[in-house]
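Hi everyone, thanks for coming.

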Amino acid sequence: EHRRSGLHCESDCGVESPQKTRKYAEMKKSVLPRLKKIKMLATDVDGVLTDSGMYYSENGDEMKKFSTRDGMGLVLLRKAGYKLAIITSEDTRIVERRAAKLKITDLFQGARDKVAAMEILMRRHSLTWDELAYIGDDVNDLEVMKKVGFAATPADGTDENKKVAHYITKKNGGGGCVREICDLFLSLRKP
């Protein structure tokens with residue numbers, strides 16, 4: 001069984017000290033062999049693609065805030081040949097519309113068992129666990145994070161998620177963490 005690198009950024013990752021810059025460089029280097037095997041990136045929604053806030057209008061309509069930079073990262077990753085998926089325990093039209101806008105067809109909403117959702121993706125796309133990456137931020141993501149070839153969590157993910165992640169982003173959920181992971185993958189494709 002693969003274990004995590006143990007290289008993590010402290011909670012004040014927004015401050016770039018030379019030590020933290022070195023620490024992230026070491027973390028990136030330690031995950032490169034894993035990153036090179038990845039063919040699909042799957043992500044949670046609340047707390048990863050969004051800031052984990054629940055917003056309601058005066059009329060009771062639920063709203064979510066998505067980062068356009070995260071969206072562009074996913075578009076670029078898809079164009080580079082990676083497969084993409086969204087797996088969330090929520091079930092909303094908002095997420096359905098966001099997935100459609102990003103042309104992500106592998107959408108699992110209301111997923112109580114995210115490992116089972118990933119196993120469907122593995123069969124559908126003839127992939128292995130080592131070829132799957134997942135970004136999750138909370139306890140309902142832990143089991144799938146333990147199985148995939150590359151697991152990431154946002155800077156504001158739970159402590160439990162940080163313990164199992166191969167990579168902890170500098171950015172928070174909904175604030176560019178997905179773009180950071182996309183850029184990591186895209187950097188492998190540069191000559």
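**Around helix α2**

What covers the buried residues of α2 includes β1 (40-43), β4, α3 (93-101) and α7. By contact I mean heavy atoms within 4.5 Å, and buried means under 20% relative accessible area, with exposed over 50% and partly exposed in between (1.4 Å probe, protein chains only). Helices (H or I, at least four residues) and strands (E, at least two) are DSSP runs, numbered from the N terminus.

Before going on, some housekeeping. This is a predicted model, so to speak of local features we need pLDDT of at least 70, and side-chain atom pairs count only at pLDDT 80 or more, while totals for chains, interfaces and linings use all residues. Residues are numbered from 1 along each chain as its sequence is written, and side-chain values use heavy atoms, with hydrogens and water left out.

Back to α2. The buried residues there are Asp70, Gly71, Gly73, Leu74, Val75 and Leu77. After the helix comes Gly81, with a positive phi near 105°.

Now, how many aromatic pairs does the structure hold? There are three. Rings of Phe, Tyr and Trp (its six-membered ring) pair if their centres lie within 6.5 Å; planes under 30 degrees apart count as stacked, over 60 as edge-to-face and the rest as tilted. Tyr82 and Phe185 have ring centres 5.4 Å apart and planes at 55°, so that pair is tilted. Tyr82 sits in the loop between α2 (68-79) and β4 (83-87), and Phe185 in helix α7 (residues 177-189), so the pair ties together parts that are 103 residues apart in sequence. Tyr82 is buried at 5% relative accessible area, and Phe185 is buried too, at 1%.

Phe185 also pairs with Phe150: the centres are 5.8 Å apart and the planes at 85°, so this one is edge-to-face. Phe150 belongs to strand β7 (residues 150-153), 35 residues from Phe185. Ring pairs link Tyr82, Phe150, Tyr167 and Phe185 into a cluster.

Last topic: the nonpolar core, a set of buried Ala, Val, Leu, Ile, Met, Phe, Trp, Tyr and Cys residues joined through side-chain atoms within 4.5 Å. The largest one has 31 residues, and Leu41, Leu74, Leu77, Phe150, Val178, Ile181 and Phe185 touch the most other members. Helix α7 gives the largest share, seven residues. Apart from that core lies another, of 23 residues, among them Phe108, Tyr134, Leu142 and Val148.
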